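Q: Please go through this model with me, one topic at a time.

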Amino acid sequence: MKKKILVVDNDVAMRSLVATCLRKADYETTEVESGELAQMELGKADHGISLVVTDMQMPKMNGAQLSRWIMDNHQHIPVVLMTAYVPGAWVPNQEVSECGARLLNKPFMPQALQDLVNVLLATAT
């Protein structure tokens with residue numbers, strides 16, 4: 001059975017690009033445009049989500065806030081946090097380290113995303 005990945009990004013083009021990249025790596029994807037919708041998706045009893053890929057900068061709930069919520073409520077689900085910002089510049093280092101996510105700097109090659117997802121899923125409990 002394919003692993004299911006939740007892709008969260010308010011930018012429809014980026015969300016679609018990430019989902020396509022993951023589907024090419026033989027993962028199933030579900031796409032949502034906000035942290036709040038991600039929480040709703042993860043709140044479903046049968047969500048089947050194995051990993052979350054989220055953007056850092058989104059309105060209302062940013063990626064670090066979503067990652068912390070996932071860490072508190074679904075600690076078995078790893079999170080990849082995509083950002084175009086260098087940690088310590090716009091995103092405080094502490095905010096990134098405390099949210100429990102693995103950082104993936106934009107721009108990135110599709111293989112870098114696929115490799116990180118493969119490693120995280122292989123080591124997830």
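Q: To start with a loop: where does D26 lie?
A: D26 lies in the loop that runs between α1 and β2. Helices (H or I, at least four residues) and strands (E, at least two) are DSSP runs, numbered from the N terminus. This is a predicted model, in which local features need pLDDT of at least 70 and side-chain atom pairs count only at pLDDT 80 or more, while totals for chains, interfaces and linings use all residues. Residues are numbered from 1 along each chain as its sequence is written, and side-chain values use heavy atoms, with hydrogens and water left out.

Q: What is the phi of D26?
A: Phi of D26 is near 75°, a positive value in a residue other than glycine. D26 is partly exposed, its relative accessible area being 47%. Here, buried means under 20% relative accessible area, exposed means over 50%, and partly exposed is in between (1.4 Å probe, protein chains only).

Q: And K60, is it buried or exposed?
A: K60 is exposed, with 78% relative accessible area. K60 is in the loop between β3 and α3, and its phi is positive, about 70°, although K60 is not a glycine.

Q: Which residues does the cis peptide bond join?
A: The bond joins K106 and P107, with omega about -5°. P107 belongs to the loop between β5 and α5.

Q: Stepping back, how many helices and strands are there?
A: The protein has five helices and five strands. From the N terminus on, the order is β-α-β-α-β-α-β-α-β-α. Of its 125 residues, 47% count as buried.

Q: In what order do the strands sit in the sheet?
A: The five strands form an open sheet in the order β2-β1-β3-β4-β5, and the pairing is parallel. Two strands count as paired if DSSP finds at least two bridges between them. β2 (28-32) and β5 stand at the edges with a single partner strand each, so one side of each is left without a neighbour in the sheet. From one strand to the next, the twist averages 25°.

Q: Which helices pack on that sheet, and what do they touch?
A: α1 packs on the sheet and touches β1 (4-8), β2, β3 and β4, its direction making about 170° with that of β2. Helix α2 (residues 35-43) also packs on the sheet, where α2 touches β1, β2 and β3; the direction of α2 makes about 160° with that of β1. Contact means heavy atoms within 4.5 Å. Axes are lines fitted to C-alpha atoms, for helices over the stretch in contact, and angles run from 0 to 180 degrees between N-to-C directions.

Q: Now β4: which strands does β4 pair with?
A: β4 pairs with strand β3 (residues 49-55) in the parallel sense over four bridges. With strand β5 (residues 102-105), β4 again pairs in the parallel sense over four bridges. V80 of β4 is the bridge partner of V53 and stands opposite R102 in β5, while M82 stands opposite L104 in β5.

Q: How many residues of β4 are buried?
A: Five of the five residues of strand β4 (residues 79-83) are buried. V79, L81 and T83 point one way, and V80 and M82 the other way.

Q: What about P78, where is its place?
A: P78 is in the loop between α3 and β4, and at 16% relative accessibility P78 counts as buried. Apart from neighbours within four places in sequence, P78 is in contact with S50, L51, V52, L120 and A124. The C-alpha atoms of P78 and L121 are 7.6 Å apart, although the two residues are 43 apart in sequence.

Q: Last topic: at what angle do α1 and α5 pack?
A: Helix α1 (residues 12-24) and helix α5 (residues 110-123) pack at about 65°, with their axes 10 Å apart. V18, C21 and L22 of α1 make the contact with P110, L113, Q114 and V117 of α5.
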